[in-house]
Amino acid sequence: MKTIRASEISSFIYCQRAWWLQTKGNLPENTSELSAGKRIHASHGRGALKASCIQLAAYTALICALILLVVHFTLLTFS
């Protein structure tokens, strides 16, 4: 029994003809464009990960600043 992968279902939903051609072993003719697309997506993924890390660092800095502000005002009140 053949295992069906999610990418194969996605390919079938997107274009049944392309899925059928892939199952028959036909390879795409635009391999250079596909390679360029993979590079662009990889670059975008790295950029998105970098942005997420920067956002996490910013939220961490904000929380630390708020904690320090609360501690500061607490010490001023009780001294």
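Me: Where does leucine 62 lie?
Reply: Leucine 62 lies in helix α3, residues 31–78, where helices are DSSP runs of H or I with at least four residues, strands are E runs of at least two, and both are numbered from the N terminus. This is a predicted model, in which local features need pLDDT of at least 70 and side-chain atom pairs count only at 80 or more, while totals for chains, interfaces and linings use all residues. Residues are numbered from 1 along each chain as its sequence is written, and side-chain values use heavy atoms, without hydrogens and water.

Me: What is the relative accessible area of leucine 62?
Reply: Leucine 62 has 48% and is partly exposed, a class between buried (under 20%) and exposed (over 50%), with a 1.4 Å probe and protein chains only.

Me: And glutamate 8, buried or exposed?
Reply: Glutamate 8, in helix α1 (residues 6–14), counts as buried at 18% relative accessibility. Leaving aside neighbours within four places in sequence, glutamate 8 is in contact with Lys2, Thr3, Trp19 and Thr23, contact meaning heavy atoms within 4.5 Å.

Me: Switching to the whole chain, how many helices and strands?
Reply: The protein chain has three helices and zero strands. Its radius of gyration is 26 Å, well over the 12 Å that the globule rule gives for 79 residues, so the chain is more spread out than a compact globule; the radius is taken over C-alpha atoms, and the rule is 2.2 Å times the number of residues to the power 0.38.

Me: What share of the residues is buried?
Reply: Buried residues make up 3% of the 79 residues in the protein chain.
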